Amino acid sequence: MRSKLLADVLAKVLYEVEVRRASLDIAFKKVCRGSYVKGLDRREELYRTVRKFVSDYHKLMCCVERGVSYRGLARLWLEGRYVPPNAVHCTYSYPKWFVDELLKVLDLGELVEVLKAMNERVWWLRINTLLSSEEGVLRRLELEGVEYVVSKEVPYMVRVLSSRKPVRLLGVVKEFKAVPQDLSSAAVVEALKPSPDDHIVDLASAPGMKTSLIMMLCENRGRVVACDKSLRRLAVMKDLLRRFGVDLSRVTLVHTDSTYLTCRRFDKALVDAPCSNSGAIGKDPGIKISLTRGKVLRNASTQLKMVCSALRLAGYVTFSTCSILPDEGEFVISGLDLSGLRLLRPIDWVGSGYSVVDFYGSVMRLMPHKNLCEGFFIAVLTSK
Ligand SMILES: C[S@@+](CC[C@H](N)C(=O)[O-])C[C@H]1O[C@@H](n2cnc3c(N)ncnc32)[C@H](O)[C@@H]1O
């Protein structure tokens with residue numbers, strides 16, 4: 001692709017990400033609809049270039065005055081005419097405030113490992129045992145030339161090392177026998193320990209990735225009330241659950257604000273709360289651009305309300321966020337009155353929380369550089 005045209009694509013994608021708050025994938029799809037490149041390989045190559053450019057945004061911003069146009073930034077990047085100053089946030093391309101916040105909970109060496117890990121994409125697949133056996137899916141992956149490792153801790157989770165085709169185009173993925181889902185997401189449901197006798201409420205359920213895993217682990221015999229504030233996401237969820245082979249007669253979708261729920265009792269509650277998604281930067285580097293301190297604090301306030309709501313509904317609550325920041329993890333838990341509550345660690349292969357709170361050993365954090373997955377916080381609360 002000619003460099004003028006490429007600069008044009010990069011500038012348009014950056015505009016979609018920064019101004020319209022689109023995810024990288026949505027921005028890429030919108031900008032590169034049809035005409036720019038022909039053929040799957042070329043399109044994938046263009047995607048990788050766009051991803052790297054978006055990921056390098058903060059590095060570039062360390063080198064220019066404010067007010068440079070998106071096209072100007074794209075040309076600068078393509079020509080390599082910039083030398084970032086020697087500061088961690090510039091070298092690894094993150095907002096300065098974000099790096100400063102992480103330095104309060106991690107030493108410099110570990111922080112650099114985390115930042116580097118989140119600049120890479122890691123792919124996990126969940127074998128959907130509602131539609132196929134584990135062996136069946138692994139055989140199909142081998143036939144499609146996929147190199148993988150099966151998780152030691154969660155045998156239905158597979159990390160893709162290399163694939164000839166983009167993961168979304170693999171046969172088993174198109175047939176929903178394998179679902180792109182991160183290991184951290186599976187860890188959340190493992191911590192919930194769903195069983196077929198359980199009646200579970202999922203307070204922030206759409207688009208249903210964790211609800212569908214709950215149903216898979218219960219072999220379609222559990223019962224879930226799945227709530228969400230977004231009608232659009234609930235509609236997507238209904239369709240996904242059906243395609244994943246979930247028995248829809250056992251899942252009730254409820255359109256509601258879950259911050260102030262008080263109703264009947266459930267056995268267990270899951271609060272996979274809305275958050276800044278700062279743990280998922282590896283999946284979408286555009287998050288580095290849309291992330292603000294205000295967004296983190298607003299989400300943290302909603303998370304606290306949702307956990308309080310969940311504690312009114314069930315005696316066993318799993319709270320999770322896809323965030324690497326303590327404000328959306330440890331500090332939410334310290335906002336609770338813990339005197340009548342107990343924190344549990346039902347899975348032993350996930351590390352502890354940040355040691356900025358005295359209960360850090362009783363909560364869990366998946367770290368991108370250690371667990372090779374998204375950054376996630378998990379806490380399990382029961383009443384004493
Ligand atoms: C992290 S996503 C949930 C992902 C889902 N658990 C899954 O695994 O597919 C957070 C969800 O919370 C929903 N949400 C945000 N605020 C809410 C509220 N006050 N009440 C209920 N749902 C809310 C959003 O619409 C979004 O679908």
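In this predicted model, four strands line up as an open sheet, and reading across it gives the order S2-S3-S1-S4. The pairing is antiparallel. The edges belong to strand S2 (147-150) and strand S4 (178-180); each has a single partner strand, so one side of each is left without a neighbour in the sheet. From one strand to the next, the twist averages 35°.

Zooming in on one of these pairings, strand S1 (residues 123-127) and S4 run antiparallel and are joined by three bridges. Here leucine 125 sits opposite proline 180, a residue of S4.

Next comes the ligand. It has 18 residues around it, and those that come nearest are Ala204, Met209, Lys210, Lys229 and Asp272. As for secondary structure, two elements each give two or more residues to this shell: helix H12 (209-217) and strand S6 (223-228). Sorted by class, the shell around the ligand splits into six nonpolar, six polar and six charged residues.

That leaves arginine 232, which is part of helix H13 (residues 231-243). Is arginine 232 buried or exposed? Its C-beta atom has 10 others within 10 Å, and a residue with 12 or fewer counts as exposed, so arginine 232 is exposed. Along the chain, arginine 232 and alanine 206 are 26 residues apart, while their C-alpha atoms are separated by 9.1 Å.

Notes: Residues numbered from 1 in each chain as written. Predicted model: local features only at pLDDT ≥ 70, side-chain atom pairs only at ≥ 80, totals over all residues. Near = placed C-beta within 6 Å. Nonpolar A, V, L, I, M, F, W, Y, C, P; charged D, E, K, R; others polar. Buried ≥ 20, exposed ≤ 12 C-beta atoms within 10 Å, placed from the backbone. Pairing = 2+ DSSP bridges. Axes fitted to C-alpha atoms, helices over the stretch in contact; angles between N-to-C directions.
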